[in-house]
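Student: I'd like a close look at one part of this model, with the cut-offs spelled out as you go.

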Amino acid sequence: YEATVLLAPGVNAGGPNDNIVISGAMSYDSLYLVNGMIVNENLRGQPHDLYIEDAIEETTVFSGGISAEYGHFTGGVVNMLTKSGGNKFLGSFRATLRNESWTEPTPLTEEQEDKINPTYAATFGGPILRDRLWFFTAGRYRDTSTIRQTNPGLARTGDQDAAGNWLESGDTITPLTYPYSNEETRLEAKLTWGITPSHRLIGSYVDIDEESINSNYGTIMDLRSLYPARTYPNTLMALNYSGVLSDNFFLEAQWSQKEYTFLG
């Protein structure tokens with residue numbers, strides 16, 4: 001999502017923690033949509049990853065002259081559309097393999113984890129009733145293990161190092177290495193029902209199950225700032241109806257619900 005948005009004019013990653021800024025507005029004040037559903041996260045206003053890359057149909061970025069129908073923004077509007085099934089059975093499978101030890105170490109590299117980190121993604125869709133009812137499904141699994149390190153810095157009087165020794169102001173805090181792992185599963189399902197040529201109903205569901213070991217928030221200088229285990233369940237479900245009632249009367253209705261939780 002972010003990589004696509006940053007290709008558009010008037011967009012940059014100049015907000016806090018490299019958050020996205022559109023048309024000079026605050027980084028938390030743009031609107032991010034997936035199939036018309038708001039996916040902004042509640043704390044920083046950035047988009048949740050409620051999609052699977054191989055299931056994306058297109059992404060549109062509006063940075064000026066935006067219709068008032070959207071609301072909830074002063075910056076820009078980004079709408080991502082996901083694929084739907086059709087009258088042919090189509091699918092895809094992709095595997096991406098990464099290994100930290102394949103990267104050339106730098107003078108600051110402490111350790112490198114020699115382990116293959118895989119990402120698998122698959123899609124499959126087709127007809128249930130030809131010309132009337134279609135389905136689309138997608139899945140993505142990623143397992144990552146790396147070696148991270150704390151940030152170096154200067155101590156203040158009263159700080160302690162990793163061994164518990166008391167430090168004086170100006171002493172150097174040495175970076176410490178630690179293992180980090182993240183396991184994430186994403187699932188998506190979508191049904192499209194052409195009730196008549198003029199009326200369509202779409203139901204969709206996305207679920208993300210993520211667990212990380214030794215995660216952190218912000219800049220840390222000691223291992224006591226790590227979270228031993230955290231999980232982040234994240235779901236999005238929606239129903240959308242669109243119809244043509246007469247030559248000059250159109251109706252669109254949508255219901256959606258998003259849940260995001262920090263556990264541990």
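Is Phe136 buried or exposed, going by its relative accessible area?

Tutor: Before the details, a word on the ground rules. This is a predicted model, so to speak: local features need pLDDT of at least 70, side-chain atom pairs count only at pLDDT 80 or more, and totals for chains, interfaces and linings use all residues. Residues are numbered from 1 along each chain as its sequence is written, and side-chain values use heavy atoms, with hydrogens and water left out.

Now to your residue. Phe136 is buried, because its relative accessible area is 6% (buried means under 20%, exposed over 50%, partly exposed in between, with a 1.4 Å probe and protein chains only). Phe136 sits in strand β9, residues 133-149 (strands are DSSP runs of E, at least two residues, numbered from the N terminus). Leaving aside neighbours within four places in sequence, Phe136 is in contact with Ala55, Lys83, Ser84, Gly85, Thr123, Phe124, Gly125, Glu188, Ala189 and Lys190, where contact means heavy atoms within 4.5 Å. Take Ala55 from that list: Phe136 and Ala55 are 81 residues apart in sequence, yet 9.0 Å apart in space, C-alpha to C-alpha.

A polar atom of the Asn214 side chain lies 2.8 Å from the backbone oxygen of Pro179. With neighbours within four places in sequence again set aside, Asn214 touches Tyr178, Pro179 and Tyr180, plus Leu226, Tyr227 and Pro228.

Phe93, in strand β7, is a phenylalanine with another story: Phe93 counts as exposed because its relative accessibility is 60%. Together with Leu97, Trp102, Ile116 and Tyr120, Phe93 forms a nonpolar patch on the surface, with about 570 Å² of accessible area in total. β7 (90-99) and β8 (116-129) are the elements that give two or more residues to that patch. Patch members have over 30% relative accessible area and no salt bridge, and nonpolar side chains (Val, Leu, Ile, Met, Phe, Trp, Tyr) are joined within 5 Å, like charges within 9 Å. A salt bridge is a side-chain nitrogen of Lys or Arg within 4 Å of a carboxyl oxygen of Asp or Glu, and the areas come from Shrake-Rupley with a 1.4 Å probe, only the protein chains shown counting as cover for residues.

Asn17 is exposed, at 65% relative accessible area.

Terms used:
Helix = DSSP H or I, 4+ residues; strand = E, 2+ residues; numbered from the N terminus. Polar contact = N/O pair within 3.5 Å; in protein donor to acceptor, adjacent residues only side chain to side chain.
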